[in-house]
Amino acid sequence: FIKMHVFGAQICLLIKKYLREHDDEFNWEGYDVGYIEDGKTVPCWWCGHKENALARAAELKAKGHKTVIRDNATRKIIEQ
């Protein structure tokens, strides 16, 4: 039972890693909100509506981060 549990956990971690690395292939709606750190975008939230994405970006800006909002339908950055 322990070996099966470890095997199942390893599969879950591999799938989670793949989905995180290939998010663009699966997520085609809504908005991704994140911030820039060391030249890379760090994703924080997915929002279904632009107003919610703007509110989340305002939260990050209040903490001193440079924010990024990406429209997943067009794959374009709408705010930095």
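Colleague: In which order do the strands form the open sheet?

Modeller: This is a predicted model, in which local features need pLDDT of at least 70, side-chain atom pairs count only at pLDDT 80 or more, and totals for chains, interfaces and linings use all residues. Residues are numbered from 1 along each chain as its sequence is written, and side-chain values use heavy atoms, leaving out hydrogens and water. Strands are DSSP runs of E of at least two residues and helices runs of H or I of at least four, numbered from the N terminus, and two strands pair if DSSP finds at least two bridges between them. With antiparallel pairing, the 4 strands of the open sheet take the order S2-S1-S3-S4.

Colleague: Why is one side of S2 and of S4 left without a neighbour in the sheet?

Modeller: Strand S2 (40–47) and strand S4 (76–79) stand at the edges of the sheet. One side of each is therefore left without a neighbour, because each has a single partner strand.

Colleague: Which residue of S3 is the bridge partner of Tyr31?

Modeller: Strand S1 (residues 31–37) runs antiparallel to strand S3 (residues 67–71), and 5 bridges join them. In S3, the partner of Tyr31 is Asp71.

Colleague: Within what arc do the buried residues of H2 fall?

Modeller: Ala53, Ala57 and Leu60 of H2 are buried, meaning under 20% relative accessible area with a 1.4 Å probe and protein chains only. Seen down the helix axis, and taking directions from that axis to the C-beta atoms, the buried residues line one face of H2, because they fall within an arc of 55°.

Conventions. Buried means under 20% relative accessible area, exposed over 50%, partly exposed in between (1.4 Å probe, protein chains only).
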